[in-house]
Amino acid sequence: MRGLIDSVGELGRRGRRPVDSGDHYGALVRSIVGQQLSAKAAYAINARMLDRFGGRPPRPQEILAADAEELRAAVGLSRAKVGFLRSLAEHVLSGELEGMDALPEEQVIEELCAVKGIGEWTAHMFLIFHLERPDILATGDLGIRAAMRRAYDLPELPVAAQMEEIAAPWRPHRSTACRFLWRSLDNEPA
């Protein structure tokens, strides 16, 4: 890892912002909308979503009250994503996703994965980038797997158990290590 860090240089400092538990829902809405889309397509759909709801993210009650077909047509969401957003809204309104700031990582993952359309990868990204947890290893991320393969000269993409073994010395800073691994993919040799 030291060689990889030396080769990619310093990571840009992200502005530390106070975690706003009211923003968890908005972050998860953006995650669902952007799943399996290019950044450009996700941005466009998120922009249409904001326009549809008066320049702000939709409230859970608004997602549940909206006509699914109208939402699909106005925003450009797939039928499945409308269902995922409704599942998220139901979980939020029932109080199931409250207090995530104080929960251990495993419990955050469990609670998020109970929402239809949110899997372990989305939960890992939420923990790393939204809750800013310092010790998350994104074992399901293809970029992390590819970067580890290259950095450690592995014959094939590592599986989760192998990744955990490689990353054990990085504790308690595995989230930072993931950022260096992602950055290393941007620095492909000519």
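**Close-up 1. Thr122 is a buried residue of the predicted model, with a relative accessibility of 5%.** Buried here means under 20% relative accessible area, with a 1.4 Å probe and protein chains only. Thr122 belongs to helix H8, residues 120-130, where a helix is a DSSP run of H or I with at least four residues, numbered from the N terminus. Not counting residues up to four places away in sequence, Thr122 touches Ser31 and Gln35, contact meaning heavy atoms within 4.5 Å. The side chains of Thr122 and Gln35 also make a polar contact at 3.3 Å, that is, a pair of N or O atoms within 3.5 Å, one able to donate a hydrogen and the other to accept it. This is a predicted model, in which local features need pLDDT of at least 70 and side-chain atom pairs count only at pLDDT 80 or more. Residues are numbered from 1 along each chain, and side-chain values use heavy atoms, with hydrogens and water left out.

**Close-up 2. Helix H2 (residues 24-34) packs with helix H3 (residues 39-52) at an angle of about 130°, their axes 9 Å apart.** The axes are lines fitted to C-alpha atoms over the stretch in contact, and angles run from 0 to 180 degrees between N-to-C directions. The contact is formed by Val29, Arg30, Val33 and Gly34 of H2 together with Ala42, Ile45, Asn46 and Met49 of H3.

**Close-up 3. Met163, in helix H10 (residues 160-167), is buried, with a relative accessible area of 0%.** Leaving aside neighbours within four places in sequence, Met163 is in contact with Leu137, Ala138, Thr139, Ile144, Arg145, Met148 and Pro158.

Definitions and conventions:
Helix = DSSP H or I, 4+ residues; strand = E, 2+ residues; numbered from the N terminus. Buried < 20%, exposed > 50% of the residue type's maximum accessible area, 1.4 Å probe, protein only.
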